Amino acid sequence: MSIARKILARWEVFLLIVLIVTFVVGVEVSKYFLTTSNITIALQGIAPMALLALPMTLIIITGEIDISVGSMVGLCASAMAVGLEAGLPIEAAIPVAIVVGVVAGAFNGLLIAYAVLPSLVVTIGTLALYRGIAQILLQERGVSRLPEWYQSIGFGTVPGTPIPWSSLIFIVCFIGFAIYLHRTYWGRALYAIGNNREAARFSGIDVKRTIFGLFVASGAMSAIAAIVLTAYLASARSDTGTGLELPVITAVVLGGVSIFGGSGTMSGVLMAVLVLAFVQNSLGLGGVTPEQQQIVTGAVLVVTLILFSGSGFIERARASLRARNAASAAKNTSQ
Amino acid sequence: MSQLTEAAQSGAPSRGLLARLLRELVLVFALILICVLVGLREPRFFDPTNLTQVILSATLVCIVAVGQALVIIARQIDLSVGAIVAMSAFVTAEWLAGNPTGSLAVVFLIGCSVGLVMGAGNALLVAAFRIPAIVATLGTLAIYRGAVLVYAGGRQISATALPKNYEGIARAYIAGVPLLVWLAIIVTVVIGLFARYTRVGRNLYALGSNPESARFLGISEARGVSFVFLLSGFLSGLVGVLWGARFGTVDAVIAPQLNLQSISAVVIGGVSIFGGSGSVYGAAIGAVIFAVIQNGVLLLGINQFWVQAVVGAAILATVFFYSTMARRSERVEMESRRRRTEPRAPGLPQAEVSK
């Protein structure tokens, strides 16, 4: 137990060191890196991804996965756009997006929890289905006549401070998710489900309802991410959020959540989100193209995972060498 | 070693060819049904030129899906296939643009080597560093795609820069059937036979259905996992070469949907996402079903925006179908096992049991 805790502590400490290194490099790269306006820009850019990482963390801890988040964002954005086209005010279109997100998430949850289908396949299917419905709804149109106050959710900051509105939304959601995961009975149950589903069921956890609930939460958060992203891009299109699932899963895994479920913390994921935000930002300031940034992001993921399992790799190599030596020694003595 | 694997093979009850290919037959039946439905509404579907186009558009996805099927059968997943295809296509097209008189054998050698190297990268991460495949290939997907984007630098190599004999690969016919179709059939059948009749192939099923007991049988997980990623990389490299020949224009962003398309074809083809069951033939038929759906939607004059929604619905429907079938056969199995192990059933002489 103490070893496990030590490794866990080390992982977040490690991410913190990576974050500090990123800041040092960032300052080295550009004198604008440590300005408040730059940090505001970096945080605004990462907000939609960060919002989606919260429910994804819970889902991956239970051993499931949701590949369809990017498409749910596109579907919610399209639903909102259709509402606006029909003459609804933005105040009415936002609830429409949230309802659509909840329904889309509930459909995933229904198939996964109650029809007991594998979440990887179901959400690959709904990835195509939800994006398809978004395309049917909006086709090639884009809706960009959005009120000023709404756009400030994506662009603006809380008056008098450099804190972006989208970061404030994220912080509120983050606190909610962190309390749920780490301070409630239901949060503990998620780890139990991820470690041993049968045992969790026998100890009285309603596994089906829990998993259903998580996918509904994922849909709802996709709607919120869609609202933020549409404000950030200043337009809603059917391809909004395409490919967003990859950075989201990257952030969660980088945050130390086991892809097999059963372990991980919210603070680790928060660290990973910040690392990704500022790595990309400092690379951008350094004149690195988005394509090259993609390589760096992938490399950060792969290298951290190698480091994470690297000790195990050396351990295994040593063990097999020892076994071989022992075998040859035994052969020598028997001769 | 060979005795052990023979034991593993004989563990599976030998069934007749028909029973063994039941899943594939159901798939073929579904394919024919879809074709007939589309053809009834729009007779142009059965036009030889249209059918050729449908089959041709299935070939490239089919070859990638066959590799993906073995990966998934071994309980892994490869998300980087699209990026490997793009890299292979761009590297070979650029080489050809620089050496218009170059031999086609060299072209295939280059493309397949690119694929093998990238597959080896995946194999290293998954087999040596034990990083879960879904995460490792998520990382290499970003790295490989980024590498093509940087390497290509926004350039595009168009058909005019490529030699005629290269494009000829996609236009060649043998016995009235396009060369690409022959190639897809050969790849599918060779790998299908390999998976069923060789030790390495059978071991992949053992690894996929139960890695723990496969290890007790002396099957090396690292070797099997490396093999499937190398094969998947190789086939993606091959498809990269064919991609340029078929579509003429090559840039860094080609094949963005290929990861999902190949996995969807594998899933529709009845390969269990948890590994250990299914066949590459199913995956190949899955790729054809996709092509038919796409073509059908266009022919029937349904708005093209419906294609993705239809594909998504098809995936969900097939998953639902397969899991229902699996659960039913499981129940039947449990029932018969219960009968066999419960000798105290009424009507059975007590004395015989106690002996």
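## A residue of chain B

A residue counts as buried if 20 or more other C-beta atoms lie within 10 Å of its own, as exposed if 12 or fewer do, and as partly exposed in between. The structure described here is a predicted model. In this model B:Arg23 has 19 other C-beta atoms within 10 Å, so B:Arg23 is partly exposed.

B:Arg23 belongs to helix H3 of chain B, which covers residues 22–41. Ten residues separate B:Arg23 from B:Leu33 along the chain, and the distance between their C-alpha atoms is 15 Å. When neighbours within four places in sequence are left aside, the contacts of B:Arg23 are with B:Gly270 and B:Gly282.

## Overall form of chain A

Chain A contains 13 helices and zero strands. Read from the N terminus, its elements follow the order α-α-α-α-α-α-α-α-α-α-α-α-α. The chain has a radius of gyration of 22 Å, close to the 20 Å given by the globule rule for 335 residues, and chain A is therefore as compact as a globular protein of that length.

The C-alpha trace of chain A extends over about 90 × 55 × 35 Å along its principal axes. Buried residues make up 48% of the 335 residues of chain A. Among contacts in chain A between residues at least 6 apart in sequence, 76% link residues at least 24 apart.

## Two domains of chain A

According to the domain assignment, chain A comprises domain 1 (2–287) and domain 2 (289–335). A distance of 33 Å separates the C-alpha centres of domain 1 of chain A and domain 2 of chain A.

## Where the domains touch

Which elements give two or more residues to the side of domain 1 of chain A that touches domain 2 of chain A? Contacts between the domains involve eight residues of domain 1 of chain A and six residues of domain 2 of chain A. On the side of domain 1, the elements that give two or more residues are helix H11 (245–254) and helix H12 (266–285) of chain A. H12(A) supplies the largest share of that side, namely five residues.

By residue type, the side of domain 1 of chain A that touches domain 2 of chain A has five nonpolar residues, three polar residues and no charged residues.

Conventions: Residues are numbered from 1 along each chain as its sequence is written. Chains are lettered from A and ligands numbered from 1 in the order in which they are written. This is a predicted model: local features need pLDDT of at least 70, side-chain atom pairs count only at pLDDT 80 or more; totals for chains, interfaces and linings use all residues. Domain bounds come from an automatic or database domain assignment. Two residues are in contact if their C-beta atoms, placed from the backbone, lie within 7 Å. Helices (H or I, at least four residues) and strands (E, at least two) are DSSP runs, numbered from the N terminus. Ala, Val, Leu, Ile, Met, Phe, Trp, Tyr, Cys and Pro count as nonpolar, Asp, Glu, Lys and Arg as charged, and the others, Gly among them, as polar. The radius of gyration is taken over C-alpha atoms; the globule rule is 2.2 Å times the number of residues to the power 0.38.
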